[in-house]
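User: Could you take a close look at the aromatic pairs in this structure for me? I would also like to see the surroundings they belong to.

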Amino acid sequence: MRVRTTAVAAATTLLGVGAAAVAAGRYVTDAALRPAPDRPLPNEPPLTVHAMDDDGRITLTRSLASLRPGTYGLVGRACHAVVGPVDEDVAHPADCVVRRLERVTHGTLDTGTRVRLTPQVHIGNPRDALGIEHADVDIPGELGPLPAWFLPGERTTWVITTHGLGTTREHPMVVMPMLHRMRIPVLDLAYRGDPGAPRPPDGISHLGETEWRDLDAAIRYAVRYGAESIVLHGWSTGASMALRAAANSALRHRLSGIVLDSPVLDWRATLRALATARRIPAALLPLAVRAAEGRTGLHDGKLAEAADPESLPVPTLIVHGPGDTLAPWDASRELAAARPELVTLHPVRHAPHAAMWNADPRGYEEALRRFLTPLI
């Protein structure tokens, strides 16, 4: 009887652990992979607005995030603003940071408002946010029409942009003024799961494994409407989509370059980082990641195949940095080291995931200009 009781207790414990792992796996998958543009990534800590003054300055909670150099969006429940560099010359409490307040684009920022920094600086559309004329177009995709913004230009080389985790097609607007000055046509894509785009059949992202086919549809659209060559510029999972398209598109011979910003090259590491940030217990992480693997159909080799250095067909610029806690920087370094004749790595310090432009706008745009000039 005692043996049977012990066995039942052990089985019950295992069932409990198994159920917890399944629940954790579903939670992790939803937290990491379910498209939710209005839900910030968990790598950015919440901040509190402590004060604003008439000289265009805002006082925020002091943290590593609020001390970062550069320009960021500041998003709250019903507000969006843009903050610039830290102002060290203004007196402030020791537990606060003063930054330049560039503008409030939506809502109001009051004392006590809870906010987060985001790499998505602009909201709206290119005309309203940047004063750049654009056309709203629909790209035929396998799941239905994909909304996109087209910014005309005189060049026959187009840039197709794809955003990544936790953002929307508004994120690539940070590079649009520069591309517009270079007279390059831009096609900024909303893909499956985005606002206005078809939902993925299972409701979750596949880190570029299926989404790349929407980018392939954008490549076909660009060629149909006059692009002689194309540069793919992707952030985060959008970078994974670009690698997939470069390897698999029937029109990959039309590609002349690829720009990878904070590329997700190790999906397991990204899932673990997101799960840790969502406070999943460390003991459940392996089981949770395996459960997520089952839901998505991803396996170890799939993204590795896309990031195979030997499969890179065209010059590639990688913009990444060691401060990225969601997409490992080492994977980008290894990819660049494997093909030094084809891949240029531009490191950016003190930048979180997909915020390489934000941390150093001038350096980012100069690296991008040098990369694009011989391709157009």
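Analyst: Happy to! Searching the whole structure turns up 2 aromatic pairs, where the rings of Phe, Tyr and Trp (its six-membered ring) count as a pair if their centres lie within 6.5 Å, with planes under 30 degrees apart called stacked, over 60 edge-to-face and the rest tilted. One of them joins tyrosine 221 and tyrosine 225, a tilted pair with 4.6 Å from centre to centre and 40° between the planes.

Before going on, please keep in mind that this is a predicted model, in which local features need pLDDT of at least 70, side-chain atom pairs count only at pLDDT 80 or more, and totals for chains, interfaces and linings use all residues. Residues are numbered from 1 along each chain as its sequence is written, and side-chain values use heavy atoms, leaving out hydrogens and water.

How do the two tyrosines sit, buried or exposed? Tyrosine 221 is buried, at a relative accessible area of 11%, whereas tyrosine 225 is exposed, at 51%. Here buried means under 20% relative accessible area, exposed over 50%, and partly exposed in between (1.4 Å probe, protein chains only).

Another ring to look at is tryptophan 149: arginine 169 lies over its face, 4.1 Å from the ring centre. For such a charge over a ring, NZ of Lys or CZ of Arg must be within 6 Å of the ring centre and within 35 degrees of the ring normal.

Now for the sheet. The chain has 11 helices and 14 strands; these are DSSP runs numbered from the N terminus, helices (H or I) of at least four residues and strands (E) of at least two. An open sheet with mixed pairing is built from 8 strands in the order E7-E8-E10-E9-E11-E12-E13-E14, two strands being paired if DSSP finds at least two bridges between them. At its edges are E7 (135-141) and E14 (343-347), each pairing on one side only. E7 pairs with E8 (residues 144-151) in the antiparallel sense over 7 bridges, and alanine 135 stands opposite phenylalanine 150 in E8.

Finally, the nonpolar cores, which are sets of buried Ala, Val, Leu, Ile, Met, Phe, Trp, Tyr and Cys residues joined through side-chain atoms within 4.5 Å. The largest has 46 residues, and Leu74, Leu109, Leu368 and Leu372 touch the most other members. Apart from it lies another core of 40 residues, including Ala148, Ala222, Ala239 and Ala331. Over the chain of 376 residues, 55% count as buried.
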